[in-house]
Amino acid sequence: MTKTPQRLLHDYISEISERAGVRAGSPLPLGTLESGGGVNFAIFSRDASRVRLKLFDHPEDAVPARVIDLDSARNRTGDVWHVWCCHCRLFTTVMAFCLRANVSAPA
């Protein structure tokens with residue numbers, strides 16, 4: 001019987017994300033940029049401890065169609081959080097997004 005070596009949860013999530021059309025993305029340019037069949041999202045936040053991207057099929061939807069939690073080790077370069085999502089077309093279809101950042105209160 002062969003034992004499969006254990007993988008770290010972070011490595012497993014990264015592998016699943018790559019196959020699900022979510023990649024680390026690029027920190028520049030800031031904002032949104034359609035490229036390569038998807039959209040790169042990049043925002044500046046010096047104090048964010050966590051960032052979540054919510055994608056909505058229509059601007060009037062109350063519930064997002066997809067939620068992506070950004071990993072600070074993979075989706076952060078300096079003070080810029082970034083992620084690239086496949087099959088997103090911001091300006092060719094009616095779609096909306098929301099970036100939510102958790103920031104700790106100053107001491």
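Colleague: Start with Cys85. Leaving aside neighbours within four places in sequence, which residues is Cys85 in contact with?

Modeller: Contact means heavy atoms within 4.5 Å. Neighbours of Cys85 within four places in sequence are left aside. The partners are then Gly21, Gly38, Val39, Phe41, Leu53, Leu55 and Ile68.

Colleague: What pLDDT do side-chain atom pairs need to count?

Modeller: Residues are numbered from 1 along each chain as its sequence is written, and side-chain values use heavy atoms, with hydrogens and water left out. This is a predicted model: totals for chains, interfaces and linings use all residues, local features need pLDDT of at least 70, and side-chain atom pairs count only at pLDDT 80 or more.

Colleague: What pattern does the protein chain follow along the sequence?

Modeller: Helices (H or I, at least four residues) and strands (E, at least two) are DSSP runs, numbered from the N terminus. In sequence order, the pattern reads α-β-β-β-β-β-β-β-β.

Colleague: What percentage of the contacts with a separation of 6 or more comes from residues 24 or more positions apart?

Modeller: The count takes contacts in the protein chain with a separation of 6 or more. Residues 24 or more positions apart account for a share of 67%.

Colleague: Of the residues of the protein chain, what percentage count as buried?

Modeller: Buried means under 20% relative accessible area, exposed over 50%, and partly exposed in between (1.4 Å probe, protein chains only). The protein chain has 107 residues. The buried share is 28%.

Colleague: What separates the C-alpha atoms of Val39 and Gly25?

Modeller: Val39 sits in strand 3. Val39 is buried, at 0% relative accessibility. Val39 and Gly25 are 14 residues apart along the chain, and their C-alpha separation is 8.8 Å.

Colleague: How many residues apart are Arg50 and Asp69?

Modeller: A salt bridge puts a side-chain nitrogen of Lys or Arg within 4 Å of a carboxyl oxygen of Asp or Glu. The structure holds four salt bridges. Arg50 and Asp69 form one of them, at 3.9 Å, N to O. This pair links distant parts of the chain, with Arg50 in strand 4, Asp69 in strand 5 (residues 66-69), and a gap of 19 residues.

Colleague: At what N to O distance do Asp69 and Arg52 meet?

Modeller: Asp69 is partly exposed at 45% relative accessibility. Arg52 is partly exposed too, at 23%. Their side chains form a salt bridge with an N to O distance of 2.6 Å.

Colleague: Which residues do salt bridges that share partners join into one network?

Modeller: Asp79 and Arg76 meet at 3.7 Å, N to O. Asp79 has a relative accessible area of 23%, and Arg76 one of 25%. The network consists of Arg46, Arg76 and Asp79.

Colleague: Which residues does Ser45 touch, not counting residues up to four places away in sequence?

Modeller: Ser45 lies in the loop between strand 3 and strand 4. Ser45 is buried at 12% relative accessible area. Beyond four places in sequence, Ser45 touches Arg76, Asp79 and Trp81.

Colleague: Is Asn75 buried or exposed?

Modeller: Asn75 lies in the loop between strand 5 and strand 6 (76-77). Beyond four places in sequence, the contacts of Asn75 include Arg23, Leu70, Trp81 and His82. The relative accessible area of Asn75 is 5%, so Asn75 is buried.

Colleague: Which residues make the nonpolar surface patch of about 330 Å²?

Modeller: Patch residues have over 30% relative accessible area and no salt bridge; like charges are joined within 9 Å, nonpolar side chains (Val, Leu, Ile, Met, Phe, Trp, Tyr) within 5 Å. Leu28 lies in the loop between strand 1 (22-23) and strand 2 (31-35). Leu28 is exposed at 62%. The patch is made by Leu28, Leu30 and Phe44.

How values were computed
Accessible areas come from the Shrake-Rupley method with a 1.4 Å probe; for residues, only the protein chains shown count as cover.
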